[in-house]
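Me: New one on my screen. Show it to me and let's pick it apart.

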Amino acid sequence: MIHEVLAATRAFAGNEGVEVLVDVANPLHIVVLERWESLEADAAYRAWRAGDGASNLGTILAGPPVLTVLTTVL
């Protein structure tokens, strides 16, 4: 399921890439790093996922995902 969800994420307008990072000490802790061309593109994606682009990914997660918005400074 995650492959299908991330394929749609990568295809969404403004997406510049998606990486899946796995905690070496706890392989059940996964971080999905998404890069977006702008905050507006990310917001459009989030709105799409909340509506027509909704998936069943939440049904296999241990808990709700946490969204952290980061910016590159160096």
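Me: What does Arg46 count as, going by its relative accessibility?
Reply: Arg46 counts as partly exposed, at 30% relative accessibility. (Buried is under 20% relative accessible area, exposed is over 50%, and partly exposed is in between, with a 1.4 Å probe and protein chains only.) Keep in mind that this is a predicted model, where local features need pLDDT of at least 70 and side-chain atom pairs count only at pLDDT 80 or more, while totals for chains, interfaces and linings use all residues. Residues are numbered from 1 along each chain as its sequence is written, and side-chain values use heavy atoms, leaving out hydrogens and water.

Me: Ok. Which side chain meets Arg46 in a salt bridge at 2.6 Å?
Reply: That's Glu34, with the 2.6 Å taken from N to O. (A salt bridge here is a side-chain nitrogen of Lys or Arg within 4 Å of a carboxyl oxygen of Asp or Glu.) The pair links distant parts of the chain, 12 residues apart: Glu34 sits in strand S2 (residues 30-36) and Arg46 in helix H2 (residues 39-50). (Helices, H or I with at least four residues, and strands, E with at least two, are DSSP runs numbered from the N terminus.)

Me: Where do Asp42 and Arg46 lie?
Reply: Both are in helix H2, four residues apart, which is about one turn of the helix. Put together, Glu34, Asp42 and Arg46 make up a network of salt bridges.

Me: Is Asp42 buried or exposed?
Reply: Buried, because its relative accessible area is 12%.

Me: Switching topic. Which residues make the nonpolar surface patch?
Reply: Ile2, Val20, Val22, Ile30 and Val32 make it, and the patch is about 350 Å². (Patch residues have over 30% relative accessible area and no salt bridge; like charges are joined within 9 Å, nonpolar side chains, meaning Val, Leu, Ile, Met, Phe, Trp and Tyr, within 5 Å. Areas are Shrake-Rupley with a 1.4 Å probe, and for residues only the protein chains shown count as cover.)

Me: Which strands supply at least two residues each?
Reply: Strand S1 (15-22) and S2 each do that for the nonpolar patch. Val32, for instance, has its place in strand S2.

Me: What's the relative accessible area of Val32?
Reply: It's 34%, so Val32 is partly exposed.
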